[in-house]
Amino acid sequence: MTTLLVSLAVLIGGYFIYGLLVEKIIGIDPKRLTPAYTRPDGIDYMPMPTWKVFLIQFLNIAGLGPIFGAIMGVMYGPAAFIWIVAGTIFGGAVHDFISAMMSLRSEGQSLPELVGRELGPVIKQVLRVTATALLILVGAVFVVTPASLLADMTPEWATSVFWIAIIFIYYMLATLLPVDKLIGRFYPIFGFALLFMAAGLLCVLLFGGHTIPDGFIDGLYNRHASADTHPIFPMMFVSIACGAISGFHATQSPMMARCIKNERLARPVFYGAMVAEGIVALIWAAAAITFTGGYEQLSQYMSTHTGAGALVQDISVSWLGVVGGFLALLGVIAAPITTGDTALRSARLIVADFLNFTQDKLGKRLLISIPIFVITFGLMMIDFNILWRYFAWCNQTLSAFTLWAATVYLARHRKVYIICLIPAVFMTIVVISYILYAPSPEGFGLPMYAALAVAGTVAAICLILFTRFVLKLSSKKADRIA
């Protein structure tokens with residue numbers, strides 16, 4: 001119980017203390033016009049109420065990640081709680097906020113354009129492909145699970161295939177219509193359901209007479225059932241992505257940067273949404289080990305059931321009753337759906353930026369969206385577990401690119417760049433060591449010492465290149481002064 005309360009307090013305190021520090025470093029100009037006013041088009045660029053922008057951003061990023069990722073991540077033990085808190089405050093929230101500010105000050109440009117400007121044209125081309133691919137993966141991944149949950153809650157004739165079709169039709173409409181028509185209207189409802197779920201579970205944990213077996217008193221050793229092949233580093237840091245740091249979030253930040261009314265609202269919306277997601281991840285991590293009885297019992301449950309989805313359903317219904325369980329499950333269903341729809345919308349915007357296509361006409365939006373829909377539907381035929389593994393790694397790799405771009409951006413503007421440099425180096429080591437160590441066919445299956453050696457070398461090279469960049473900036477400044 002103490003662990004959960006302390007973790008929640010640190011997360012909330014992180015928003016008010018470290019979040020304010022990051023805001024001061026980037027600098028806020030309340031008088032600067034945002035893209036919503038400089039480029040209004042009635043489709044993607046339009047001012048929206050701040051509470052709606054916050055809910056959209058929160059629901060965009062709070063898909064299955066902070067729920068499924070937290071459940072799978074906490075199987076590694078109490079280290080998961082530390083990663084959720086520290087990752088959110090010093091990694092994910094900074095990542096989301098800085099990428100949003102970069103977009104705000106670049107007329108709402110998409111992530112590949114932002115990263116490419118800082119890291120060069122080659123990286124821009126790579127990010128255009130990988131970011132679009134990641135978003136399409138998200139669209140595919142976040143259809144199957146909510147469809148299965150809906151099929152379990154509805155009459156027999158409403159099969160998962162039926163719900164996949166319904167959700168996919170919604171995705172197409174949400175991708176094509178103006179942002180305020182579907183997304184702006186339905187997100188408050190979905191947001192209530194998701195917040196009810198989190199608040200309800202938290203109340204049960206705090207006041208339901210439960211003991212949370214966090215295991216801190218026994219140490220941070222690995223509790224995973226396959227600890228020999230699943231070390232905490234780097235495996236846990238990829239399993240818990242959206243609840244700590246996620247590259248996918250940076251693809252969503254520009255979409256809401258096109259709708260925010262004032263720069264002073266950026267920290268509550270972007271840093272705040274990430275902290276809210278961290279809180280959701282904490283609650284689900286604690287709920288998983290409490291409901292099952294501990295780490296060993298959680299592993300046993302996961303090995304005998306269909307996965308995290310079954311545990312989510314059991315926890316919701318058992319702890320919150322029929323009505324509460326229904327609303328809680330609706331929140332869990334809404335979370336991935338409201339991530340998948342905006343993922344495909346973001347994919348459209350990235351391709352449109354790349355091709356320099358205006359999006360005010362439906363025909364132009366269809367020209368870009370139809371190939372995206374076809375590819376997404378094809379990916380849904382692939383096994384979910386395979387899709388999720390590749391999504392998780394691509395997701396964290398994108399976060400490393402975004403953090404390096406943010407570091408260069410801060411350095412170029414003569415600001416304190418260490419707030420992005422440290423997490424950039426860390427995430428570089430995580431993603432490279434993971435893909436090298438992970439067994440085939442997911443990774444290369446190298447020994448851990450070799451994976452860490454290569455990852456450390458690549459991170460060192462990146463650090464050397466960045467140092468050279470900073471020295472060049474300093475010499476140019478000195479030349480101007482002279």
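A residue counts as buried under 20% relative accessible area, as exposed over 50%, and as partly exposed in between. The model described here is predicted. This briefing covers helix packing, backbone geometry, aromatic pairs and charges placed over rings. On the accessibility scale above, Phe162 is partly exposed because its relative accessibility is 30%, whereas Trp163 is buried at 18%.

**Helix packing**

- Two packed helices are described by the angle between their axes and the distance between the axes.
- Helix H1, residues 2-16, packs with H6 at an angle of about 5°, and the two axes lie 9 Å apart.
- H1 and H6 are therefore roughly parallel to each other, since angles under 35 degrees fall in that class.
- On the H1 side, the contact is made by Thr3, Ser7, Val10, Leu11 and Gly14; on the H6 side, Phe81, Val85, Thr88 and Ile89 take part.
- Sorted by class, the contact of H1 with H6 has 5 nonpolar and 4 polar residues, and no charged residues.
- The axes of helix H6 (residues 79-104) and helix H7 (residues 111-119) come within 10 Å and cross at roughly 90°.
- Ser99, Met102 and Ser103 of H6 meet Leu114, Arg117 and Glu118 of H7.
- The contact of H6 with H7 has 2 nonpolar, 2 polar and 2 charged residues.

**Backbone geometry**

- Phe233 and Pro234 are joined by a cis peptide bond, with omega at about 5°.
- Pro234 belongs to helix H11, which covers residues 232-239.
- Asn356 is not a glycine, yet has a positive phi of about 60°.
- The position of Asn356 is the loop between helix H15 (308-355) and helix H16 (362-379).
- Asn356 counts as exposed because its relative accessibility is 67%.
- Arg414, although it is not a glycine, has a positive phi of about 60°.
- Arg414 is found in the loop that lies between helix H17 (384-412) and helix H18 (418-437).
- With a relative accessible area of 40%, Arg414 is partly exposed.

**Aromatic pairs and cluster**

- Counting rings of Phe, Tyr and Trp whose centres lie within 6.5 Å, the model has 19 aromatic pairs.
- The ring centres of Phe162 and Trp163 are 5.2 Å apart and their planes stand at 80°, so the pair is edge-to-face.
- Phe291 and Trp319 form an edge-to-face aromatic pair, at 5.9 Å centre to centre and with 70° between the planes.
- This pair links distant parts of the chain: Phe291 is in helix H13 (residues 266-292) and Trp319 is in helix H15, 28 residues apart.
- Phe291 is partly exposed, with a relative accessible area of 25%, whereas Trp319 counts as buried at 15% relative accessibility.
- One aromatic cluster is formed by Trp83, Phe233, Phe237 and Phe426.
- Phe233 of this cluster is also the residue joined to Pro234 by the cis peptide bond.

**Charges over rings**

- Arg223 lies over the face of Tyr221, at 3.7 Å from the ring centre.
- Arg267 places its charged end over the ring of Tyr15, 4.8 Å from the centre of that ring.

Note on methods: Residues numbered from 1 in each chain as written. Predicted model: local features only at pLDDT ≥ 70, side-chain atom pairs only at ≥ 80, totals over all residues. Heavy atoms only, no water. Axes fitted to C-alpha atoms, helices over the stretch in contact; angles between N-to-C directions. Helix = DSSP H or I, 4+ residues; strand = E, 2+ residues; numbered from the N terminus. Contact = heavy atoms within 4.5 Å. Nonpolar A, V, L, I, M, F, W, Y, C, P; charged D, E, K, R; others polar. Parallel < 35°, antiparallel > 145°, perpendicular 65-115°, else oblique. Buried < 20%, exposed > 50% of the residue type's maximum accessible area, 1.4 Å probe, protein only. Phe/Tyr/Trp six-rings, centres within 6.5 Å; stacked < 30°, edge-to-face > 60°. Lys NZ or Arg CZ within 6 Å of the ring centre and 35° of its normal.
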